[in-house]
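Dear colleague,

Please find the structure below, followed by a summary of what was found in it. I would be grateful if you could read the two side by side.

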Amino acid sequence: MTPSSAAPTTTPETRPALAEVTSPIKPSEAIRLGCLTTVQTFGYYRDDGATCAIGAMAVGFGGNMGKAWAFEDLTEDFDCPVAGCDNDDCDSVIPHLNDSHRWSRERIADWLESLGL
Ligand SMILES: [Zn+2]
């Protein structure tokens with residue numbers, strides 16, 4: 001064997017799997033995805049083909065309700081962006097915007113995106 005016939009530096013076994021090169025989607029993007037296949041509901045995560053913002057996020061996360069709930073918990077201390085609202089009902093801000101202010105899920109996604117989420 002000559003030096004020019006050395007093994008290639010990259011073999012199929014060392015290439016990354018496709019799943020390793022994809023990036024996770026943001027919560028705002030997950031909500032937008034969920035909006036494509038569900039209509040909005042209020043007071044429920046999911047109800048007969050309808051979802052609130054958190055439910056839409058779960059749909060966008062591939063049906064992973066736990067991941068959406070974890071994000072809901074993370075945003076529990078966020079201030080409500082509606083001027084003059086003191087959000088004294090102790091809701092996490094996303095369900096609060098969905099249920100109390102009746103923001104569209106797309107508007108909630110816009111707001112999350114403005115925060116880089
Ligand atoms: Zn509010």
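What share of the contacts in the chain with a separation of 6 or more comes from residues 24 or more positions apart? Such residues account for 44% of those contacts, a contact being two residues whose C-beta atoms, placed from the backbone, lie within 7 Å.

Please note that this is a predicted model, in which local features need pLDDT of at least 70 and side-chain atom pairs count only at pLDDT 80 or more, while totals for chains, interfaces and linings use all residues. Residues are numbered from 1 along each chain as its sequence is written.

Overall architecture

The chain has six helices and three strands, and along the sequence they follow the pattern α-α-β-β-β-α-α-α-α. Helices (H or I, at least four residues) and strands (E, at least two) are DSSP runs, numbered from the N terminus. Of the 117 residues, 29% count as buried; a residue is buried if 20 or more other C-beta atoms lie within 10 Å of its own, exposed if 12 or fewer, and partly exposed in between, with C-beta atoms placed from the backbone.

The helix pair

Helix α2 (residues 27–37) packs against helix α6 (residues 105–114) at an angle of about 165°, and their axes are 8 Å apart. Axes are lines fitted to C-alpha atoms, for helices over the stretch in contact, and angles run from 0 to 180 degrees between N-to-C directions. The two helices are therefore roughly antiparallel (an angle over 145 degrees). On the α2 side, P27, S28, I31, R32 and C35 take part, and they meet R105, E106, I108, A109, L112 and E113 of α6. By class, this contact of α2 with α6 has six nonpolar, one polar and four charged residues (nonpolar: Ala, Val, Leu, Ile, Met, Phe, Trp, Tyr, Cys and Pro; charged: Asp, Glu, Lys and Arg; polar: the others, Gly among them).

G116 lies in the segment after α6. G116 counts as exposed because it has 7 C-beta neighbours inside 10 Å. The C-alpha atoms of G116 and S28 are separated by 8.8 Å, although the two are 88 residues apart along the chain.

The sheet

The three strands form an open sheet with mixed pairing, in the order β1-β3-β2; two strands pair if DSSP finds at least two bridges between them. β1 (39–40) and β2 (46–47) stand at the edges with a single partner strand each, so one side of each has no neighbour in the sheet. β1 pairs with β3 (residues 50–51) in the parallel sense over two bridges, and V39 stands opposite A50 in β3.

With kind regards

Notes. Parallel < 35°, antiparallel > 145°, perpendicular 65-115°, else oblique.
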